[in-house]
Amino acid sequence: MDCVFCHLIREGTARWVAREAASCAFTPLDPLAPGHTLVVPTRHYTSLFDTPSNVLNASMALVQRVAAAMRTTLDASGVNILSASGPGSEQSVPHLHFHVIPRWADDGISTWPTGQSGHHHVGDPGAQLADALNQNQIPRQRS
């Protein structure tokens, strides 16, 4: 497997922020803001769709700890948490990862989408999702 994140984890060459059993955090080569951090599972999972719930829980717990450290250590007034999963999402590295980006009121960047999707869907997507989840058409992932 030729995954850049797996290579960094295996070789230990990242600029580490935290290393834990199920997930780790490191700074990217080209940060969007001072303190921008990536949180990734230590084992290879391509996206949100193939990652077990317990790994997601561990990763999100680390995301929360990193965000709290940004607030106290970097005096960030907020954070953005960004992730893309799957080919239609603009996922650039096929290893699940979360960008944790510290934010300040005057930082001059925007991480929010600037427009709406041009995709058209027949029916009420919210109602269709609720029906699928309520009828257990979408199974819960095992831990």
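These legends describe several close-up views of one predicted protein model.

The model is predicted: local features need pLDDT of at least 70, side-chain atom pairs count only at pLDDT 80 or more, and totals for chains, interfaces and linings use all residues. Residues are numbered from 1 along each chain as its sequence is written, and side-chain values use heavy atoms, with hydrogens and water left out.

**Figure 1**
Helices (H or I, at least four residues) and strands (E, at least two) are DSSP runs, numbered from the N terminus. Along the sequence, the pattern reads α-β-β-β-α-β-β-α. The C-alpha trace spans about 45 × 40 × 25 Å along its principal axes. Of the 143 residues, 33% are buried. Here, buried means under 20% relative accessible area, exposed means over 50%, and partly exposed lies in between (1.4 Å probe, protein chains only). The protein exposes about 9,700 Å². Carbon and sulfur atoms supply 54% of that area. Accessible areas come from the Shrake-Rupley method with a 1.4 Å probe; for residues, only the protein chains shown count as cover. A contact means heavy atoms within 4.5 Å. Among contacts with a separation of 6 or more, 58% join residues 24 or more positions apart.

**Figure 1. Helix α1 has buried residues on one face.**
Helix α1 covers residues 4-11. Its residues F5, C6, L8 and I9 are buried. Seen down the axis of α1, the buried residues fall within an arc of 160 degrees, so they line one face of the helix. The arc is that of the directions from the helix axis to the C-beta atoms. An α-helix has 3.6 residues a turn, so residues three or four places apart point the same way. What do the buried residues of α1 pack against? They pack against β1 (15-19), β2 (23-27) and β3 (37-41). After α1 comes G12, whose phi is positive, near 70 degrees.

**Figure 2. Five strands form an open sheet.**
The strand order is β1-β2-β3-β5-β4, with antiparallel pairing. Two strands pair if DSSP finds at least two bridges between them. Strands β1 and β4 (78-82) stand at the edges, each with a single partner strand, so one side of each is left without a neighbour in the sheet. On average, neighbouring strands are turned by 25 degrees against each other, direction ignored. Axes are lines fitted to C-alpha atoms, for helices over the stretch in contact, and angles run from 0 to 180 degrees between N-to-C directions. Strands β1 and β2 pair in the antiparallel sense over four bridges. A18 stands opposite A25 in β2.

**Figure 3. S23 is a buried residue in strand β2.**
The relative accessible area of S23 is 1%. Which residues does S23 contact, leaving aside its neighbours within four places in sequence? They are V40, P41, T42, A58, S59 and L62.

**Figure 4. N57 is an exposed residue in helix α2.**
Helix α2 covers residues 53-73. N57 has a relative accessible area of 52%; because this is over 50%, N57 counts as exposed. N57 and A132 are 75 residues apart in sequence. Their C-alpha atoms are 23 Å apart in space.

**Figure 5. The structure holds three salt bridges.**
A salt bridge is a side-chain nitrogen of Lys or Arg within 4 Å of a carboxyl oxygen of Asp or Glu. Side chains of opposite charge can pair when their charged atoms come close. R10 forms a salt bridge with E11, with the closest N and O atoms 3.9 Å apart. R10 is exposed at 53% relative accessible area, and E11 is partly exposed at 46%. R65 forms a salt bridge with E20, with the closest N and O atoms 2.2 Å apart. This pair links distant parts of the chain: R65 lies in helix α2, E20 lies in the loop between β1 and β2, and the two are 45 residues apart. E20 is partly exposed at 33% relative accessibility. D107 forms a salt bridge with R103, with the closest N and O atoms 2.6 Å apart. D107 is partly exposed at 24% relative accessible area, whereas R103 is buried at 16%.
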